[in-house]
Amino acid sequence: QVQLVESGGGLVQAGGSLRLSCAASGRTFTIGAMGWYRQAPEKQRELVATITSGGSTNYSDSVKGRFTISRDVAKNMVYLQMNSLKREDTAVYYCNADGWTRAGRYATWGQGTQVTVSS
């Protein structure tokens, strides 16, 4: 079973920056794509950014130019650098990963980390 643990959330003023981290752990697994999603109160979970094992990235229009996703394949880590934060970025941010274990294909989520942007 693959587990994801996020860290780095918190309270920040508008215009500020935060860096989220997500660590994957488990036994005998590979990771394909990793990504960040977010869910604001009373809204559906939405994609923020994804990155493939080859390093190809994809961003939602709302964060392009402000957020940067990166990963350390050797450490099974993915990061989200968030700059120029806006109040509308306030949400619980979830890490996501998919790949393979001996049991077959998996897709899993972290427990989430709260990001709150104040004006």
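Start with the open sheet: select its 4 strands in the order β1-β3-β8-β7, and you'll see antiparallel pairing. Strands here are DSSP runs of E, at least two residues long, numbered from the N terminus, and two of them pair if DSSP finds at least two bridges between them. Keep in mind that this is a predicted model, where local features need pLDDT of at least 70, side-chain atom pairs count only at pLDDT 80 or more, and totals for chains, interfaces and linings use all residues. Residues are numbered from 1 along each chain as its sequence is written, and side-chain values use heavy atoms, leaving out hydrogens and water.

Now colour the edges, β1 (3–7) and β7 (67–72): each has a single partner strand, so one side of each lacks a neighbour in the sheet. From one strand to the next, the twist averages 15 degrees (axes are lines fitted to C-alpha atoms, and angles run from 0 to 180 degrees between N-to-C directions).

Next, zoom in on β7 and β8 (residues 77–82), an antiparallel pair with 6 bridges. Pick Asp72 and look across to β8: Met77 stands opposite.

The link joins distant parts of the chain, with Cys22 in β3 (residues 18–25) and Cys95 in β9 (residues 91–101), 73 residues apart. A search of the whole structure turns up 1 disulfide.

Are Cys22 and Cys95 buried or exposed? Both are buried, meaning under 20% relative accessible area, with exposed over 50% and partly exposed in between (1.4 Å probe, protein chains only).

Key: A disulfide is a pair of cysteine sulfur atoms within 2.5 Å.
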